[in-house]
Amino acid sequence: QVQLVESGGGLVQAGGSLRLSCAASGLTGGINYMGWYRQGPGKQRDLVARIFSSGTTDLVNSVKGRFTISRDSAKNTVYLQMNSLKPEDTAVYYCNAYGSSGSRPPQNYWGQGTQVTVSS
C-alpha cells in the first residue's frame, strides 16, 4: 500500500510562515519526484513546487523567493517551507509523488490535502 501523509497546515497571518511535510511510504520501486500542488476556492489544482530524484527543483513563479522545497530521501519525505505568506496563498495543499510500488509502472499518488489559510 502507498500512503502520503501530510502535516503542517493551519491558519497564519499575512507575512508569516508555515512548513508543510509529506512522508511517502510504499513506493519501494523508487520515486521520480515529490512535490506540492494547491487548489484555491473555485480554482483548479496547480503545481506549486516539486523536487526530482536528481535534486532539480521546479517552482511556480508566484512563490519563487518565498517558498523552498526540500527533501529527506532516506525518509521519502518532502518539505515545503513557506515564508512571507500572502492571502493569495490560501488553498488546500496536496502532496504528490510520482513513483513505483514495487516493480509496477510508476504512477501519481496524492495526499489527502491540508488547508493553509492566510489572513489579512
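Biologist: Which residue in the turn of the E4 and E5 hairpin has a positive phi?
Modeller: E4 covers 30-39 and E5 covers 46-52. Strands here are DSSP runs (E, at least two residues; helices are H or I, at least four), numbered from the N terminus. The two strands form a hairpin with six residues between them. The turn residue with a positive phi, about 70°, is Gly-42.

Biologist: At what pLDDT do side-chain atom pairs count?
Modeller: Residues are numbered from 1 along each chain as its sequence is written, and side-chain values use heavy atoms, with hydrogens and water left out. This is a predicted model: totals for chains, interfaces and linings use all residues, local features need pLDDT of at least 70, and side-chain atom pairs count only at pLDDT 80 or more.

Biologist: How many helices and how many strands does the protein have?
Modeller: Read along the sequence, the pattern is β-β-β-β-β-β-β-β-β-β-β. The radius of gyration (over C-alpha atoms) is 14 Å, close to the 14 Å of the globule rule for 120 residues, so the protein is as compact as a globular protein of that length. That rule is 2.2 Å times the number of residues to the power 0.38. The count is zero helices and 11 strands.

Biologist: What percentage of the 120 residues is buried?
Modeller: Buried means under 20% relative accessible area, exposed over 50%, and partly exposed in between, with a 1.4 Å probe and protein chains only. The protein exposes about 6,300 Å², with carbon and sulfur atoms supplying 45% of it. Buried residues make up 42%.

Biologist: Which residues have the most contacts inside the largest nonpolar core?
Modeller: A nonpolar core joins buried Ala, Val, Leu, Ile, Met, Phe, Trp, Tyr and Cys residues through side-chain atoms within 4.5 Å. The largest one has 28 residues. Strands E3, E4, E5, E7, E8, E9 and E11 each supply at least two of its residues. Those with the most contacts are Trp-36, Phe-67, Leu-80, Met-82 and Tyr-93.

Biologist: Which residue in E8 stands opposite Ala-23?
Modeller: Two strands pair if DSSP finds at least two bridges between them. E3 is joined to E1 by five bridges, antiparallel, and Val-5 stands opposite Ala-23 there. E3 also runs antiparallel to E8, with six bridges. In E8, the residue opposite Ala-23 is Thr-77.

Biologist: What is the bridge partner of Gly-35 in E5?
Modeller: E4 and E5 run antiparallel, joined by six bridges. The partner of Gly-35 is Arg-50.

Biologist: Which residue takes a positive phi in the hairpin of E5 and E6?
Modeller: Three bridges join these antiparallel strands. Ile-51 stands opposite Thr-57. The hairpin has four residues between its strands, and the residue with a phi near 100° is Gly-55.

Biologist: Which backbone oxygen does the side chain of Arg-71 reach at 2.6 Å?
Modeller: Arg-71 lies in E7 and is partly exposed, at 35% relative accessible area. Its contacts (heavy atoms within 4.5 Å) beyond four places in sequence include Ser-54, Gly-55 and Thr-77. The side chain of Arg-71 reaches the backbone oxygen of Ser-53 at 3.1 Å. At 2.6 Å, the backbone oxygen is that of Phe-52.

Biologist: Is Asn-96 buried or exposed, and at what relative accessible area?
Modeller: Asn-96 sits in strand E9 and touches, among others, Leu-4, Tyr-33 and Trp-110. Its side chain makes a polar contact with the side chain of Asn-108 at 3.1 Å and reaches the backbone oxygen of Tyr-109 at 3.2 Å. A polar contact is a pair of N or O atoms within 3.5 Å; within protein, one must be able to donate a hydrogen and the other to accept it, and residues adjacent in sequence count only if both atoms are side-chain atoms. Asn-96 is buried, with a relative accessible area of 0%.

Biologist: Which residue's backbone oxygen lies 2.9 Å from a polar atom of the Arg-66 side chain?
Modeller: Arg-66 lies in the loop between E6 and E7, yet is buried at 11% relative accessible area. Beyond four places in sequence, its contacts include Met-82, Ser-84 and Asp-89. The oxygen at 2.9 Å belongs to Ser-62.

Biologist: Which side chain makes a polar contact of 3.0 Å with that of Lys-64?
Modeller: Lys-64 is in the loop between E6 (57-59) and E7 (67-72). Its C-alpha atom is 9.3 Å from that of Ala-49, 15 residues apart along the chain. The polar contact of 3.0 Å is with Asn-61.

Methods:
Areas by Shrake-Rupley, 256 points an atom, 1.4 Å probe, with all protein chains shown as cover.
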